[in-house]
Amino acid sequence: MSCEGHLAERSIVEAINDCLHVELERDSSVMVLGEDVGRSGGVFRATAGLRDRFGPDRCFDTPLAEAGILGTAVGLCMAGWRPVCEMQYDAFSYPCLDQLITHVGRYRWRTGGKMEFPIVVRMPYGGGVRAPELHDDSPETYYVHTPGVKVAIPSTPADAKGILAAAIRDPDPVVVLEPKLHYRTSKGDVPDGEHVVPLGKARLAREGEDLTLVAYGSMVAVCEAAADALDDVSVDVLDIRSLKPLDEEALLVSAAKTGRVVIVQEAPRTCGFAAELAAILAEKAILDLRGPVLRVTGYDVPYPYWQIEDAYMPSAKRVIAAARRLLDF
Amino acid sequence: MAKVEQKGTLSKSDLREFFREMLLIRRFEEKVEERFRAGELPGFLHVAIGQEAVAVGVCRALEEGDIIASTHRAHGHTLAKGTTPNELMAELYGKMEGCSHGYGGSMHLYDIERGNMGANAVVGGGLPAITGAALSFKLRGEPRVGVAFFGDGATNIGTFHESLNLAQLWQVPAVFVCENNHWAESTPSWQHMPIEDISQRAVAYGMKAVKVDGQDVEAVYKAARRALEHARGGKGPVFLAVNTFRLVGHYIGDPQVYRSKEELEETRATQDPIEHLRTKLEMSADEVEEIDSEVKEIVEGAVEFAKNGTDPKPEDALKNIYA
C-alpha cells in the first residue's frame with residue numbers, strides 16, 4: 001500500500017527520517033523519545049528535524065536510561081500515545097529487553113485483550129562499520145523469542161520507510177532493527193508521502209530456479225552479491241524482512257521451487273533465526289528438498305573488534321561455498 | 001465508593017468506612033490464607049496483612065481518573081481501588097470472571113476501568129509505567145495523577161532510580177508510595193540498604209519527600225491528599241515514605257526463620273493498623289462485630305462466586321497475544 005506519486009532517491013536513514021516526519025504529521029499521538037533524538041537529531045540523524053517541526057513534546061531527549069525509556073513508553077501507551085523509542089545502538093537495547101519481556105509483550109494477554117501497546121522500538125543493528133564491541137550486535141532472536149512482540153528488519157530504503165510506518169500503525173509492540181552498515185550506502189527510490197509495507201510479507205529480491213538464498217537486513221546484500229557471482233546458477237533471493245509475523249508461505253514456495261535453501265544470518269549461530277527457518281523447512285518442506293538446509297552465520301562469540309570483524313561477518317564467499325556444496329550434494 | 005470530604009479532614013463516619021474497608025481486606029487475606037492451606041489455591045500468594053492502612057489511606061485520597069500501579073502484594077491495593085472481592089477472588093481461583101480473566105493471578109491483577117494499571121510480579125515493575133502515564137497527563141493537561149506502590153526492596157532496583165530521575169526531571173504528576181515494611185522478602189532493610197532514612201533516595205533526585213506513619217490510616221490519607229494536590233497542581237512528583245509493618249511472612253507458608261518470634265509478636269501486638277483505628281474510634285465490641293460479620297459474609301460470598309466461576313479453556317491461552 002503506497003500512495004501513487006513521486007519517488008525520490010533516498011538512503012535508508014533518510015527514508016527512516018522521512019517516515020517519522022510523515023507519521024508524526026499524520027497522527028498526533030505518535031511521539032519519538034530516546035537518547036539524543038531531539039536537539040541533535042540522533043547520532044545517525046534518523047530523527048533530524050522532528051523536534052523543530054513537531055515540538056519538544058513530540059520528540060524529546062531522555063537520559064541514558066533504556067529501561068526507563070521503554071518503561072515510560074508503557075505508561076504513555078496506557079494513556080493513548082504511540083511512542084517510537086530509539087535505542088541508540090543494538091546492544092544498548094539490552095536494558096530495555098527486560099521491559100519488553102517482563103511487561104510489554106504480556107500486557108495484552110494478561111488483560112484479556114483490554115490493553116494495547118502500539119510501541120515501536122527502533123535501533124540500528126549489526127556490524128561491518130568498524131565499531132567497538134556492543135555497537136555491532138544482531139539481537140533479533142531475543143526479540144523474536146518474546147511472545148507478544150513483533151520484529152521486522154528492512155534491507156532497502158523503501159522498505160525501511162514502509163516497514164517503520166507499518167510498525168507505527170500496528171496495534172502491537174514492534175521492534176524494528178535497521179541495518180546501520182547500509183544506513184547511508186544503500187540508496188533507492190522511496191515513495192514520497194505515506195508509504196506502508198505490511199508486516200508479515202517477505203520480498204523476493206531476485207527470482208531464480210536452482211537455489212534459494214534466504215536473508216534479512218544487511219545480509220540480503222551479501223546474498224545478492226553471491227547470486228551475482230554464481231553466474232551459472234539461477235538464484236531466488238528471499239528477503240524475509242518481517243521475522244514475526246513470518247511469511248512462511250514465501251519461504252515454502254521458494255523451497256518447493258528450488259529444493260535447495262541456504263540461510264544467511266549475521267547473528268551468532270546457535271538458536272539464531274536461521275535455525276527457526278531451517279526447522280520450518282524440516283517440518284513442512286522435507287519432501288521438496290534436494291539437500292540439507294545450510295546456514296551461513298556469525299560465530300558463537302562476542303562480536304569481534306575491527307581488525308578481525310570481516311572474518312566474523314558472513315561474506316559472499318562463504319555463501320557461495322555453501323551454495324556450491326548444496327548444488328553438488 | 002463513597003468519596004470522603006475533599007479538604008482532607010475526616011469525619012468519624014469516614015473513618016468508620018475506612019475501618020470497614022481495612023477489615024474487609026484483612027478478612028479477605030485471611031480467607032486467602034485459609035483456602036491456600038486447604039489446598040484450594042495454589043501459590044505464590046503474598047498477603048497485605050498489616051499494610052491495610054496504606055492501601056486504604058492512599059486509594060481513598062485519589063480522585064476519579066487517577067491511576068495506580070501495584071506490587072506483588074497487591075490484594076489490598078486492588079480492593080481499595082474498587083475491584084470487587086468477587087472479581088479478585090475469582091482471579092485467584094483462575095476463573096474467567098476474575099479481574100484479569102484468569103490469566104493474571106495474584107500478582108497480575110488489572111482493573112483498567114477502575115484505574116488499576118496492574119499488580120506486578122517484578123519488583124519495581126510499575127514505576128516506569130506510572131512515570132510515563134503521568135507524563136501523558138502533563139502533556140495533555142489532564143488533572144490526573146499516577147500513583148506507584150512499591151516496597152523498600154524496590155528502591156534498590158534500577159527502574160526505581162530511572163523512574164524517580166525521569167519523573168522529577170519532567171515534573172510529572174506522580175506520587176511514589178514506598179511501603180517500607182522493613183523486609184525485602186526475608187532480607188531486613190539494614191542488610192539491603194546502606195541508609196536508614198529511605199526518603200533520602202528521593203531527596204537525592206531533588207524530589208519532595210514526605211514521611212508518614214503507615215499504621216495510621218488517617219495520617220496516610222492526609223499525607224496522600226497533600227501529595228496528590230502537590231502533584232496535580234503541577235508542582236512535581238512526591239515521594240511518600242510510608243513506615244509500615246508486615247505482620248505475616250513474605251508469602252503464605254513462609255516459616256519466617258529469619259525473624260525472631262519475639263519481634264514478630266511484639267510487632268503484631270503494637271502495630272496492627274486496624275486495632276489502632278478501632279481504639280481511636282472507641283468502637284464497641286458490638287460495633288466491630290457487626291462490621292466484621294458483614295465483611296466476612298462478603299468474603300464468603302466471594303469464595304462461592306469464585307468456585308462457581310468458569311474455567312478458561314486451554315486454547316484461550318492462545319488468544320490476545322496480538323491484536
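Author: The centres of domain 1 of chain A and domain 2 of chain A, taken over C-alpha atoms, are 26 Å apart. Domain 1 covers 7-191 and domain 2 covers 203-327; such bounds come from an automatic or database domain assignment. The model is predicted, so local features need pLDDT of at least 70 and side-chain atom pairs count only at pLDDT 80 or more, while totals for chains, interfaces and linings use all residues. Residues are numbered from 1 along each chain as its sequence is written, chains are lettered from A in the order in which they are written, and side-chain values use heavy atoms, with hydrogens and water left out.

In chain A, 32 residues of domain 1 are in contact with 25 residues of domain 2 (heavy atoms within 4.5 Å). About 2100 Å² is buried between these two domains, 54% of it from carbon and sulfur atoms; this is the accessible area (1.4 Å probe) that two parts lose on being put together, summed over both.

The rule finds 4 salt bridges across this interface of chain A (a side-chain nitrogen of Lys or Arg within 4 Å of a carboxyl oxygen of Asp or Glu). R203(A) forms a salt bridge with D159(A), with the closest N and O atoms 3.6 Å apart.

On the side of domain 1 of chain A that touches domain 2, the elements giving two or more residues are α6 (140-144), β6 (150-152) and α7 (157-169). Helices (H or I, at least four residues) and strands (E, at least two) are DSSP runs, numbered from the N terminus. The largest share of that side, 4 residues, comes from α6(A).
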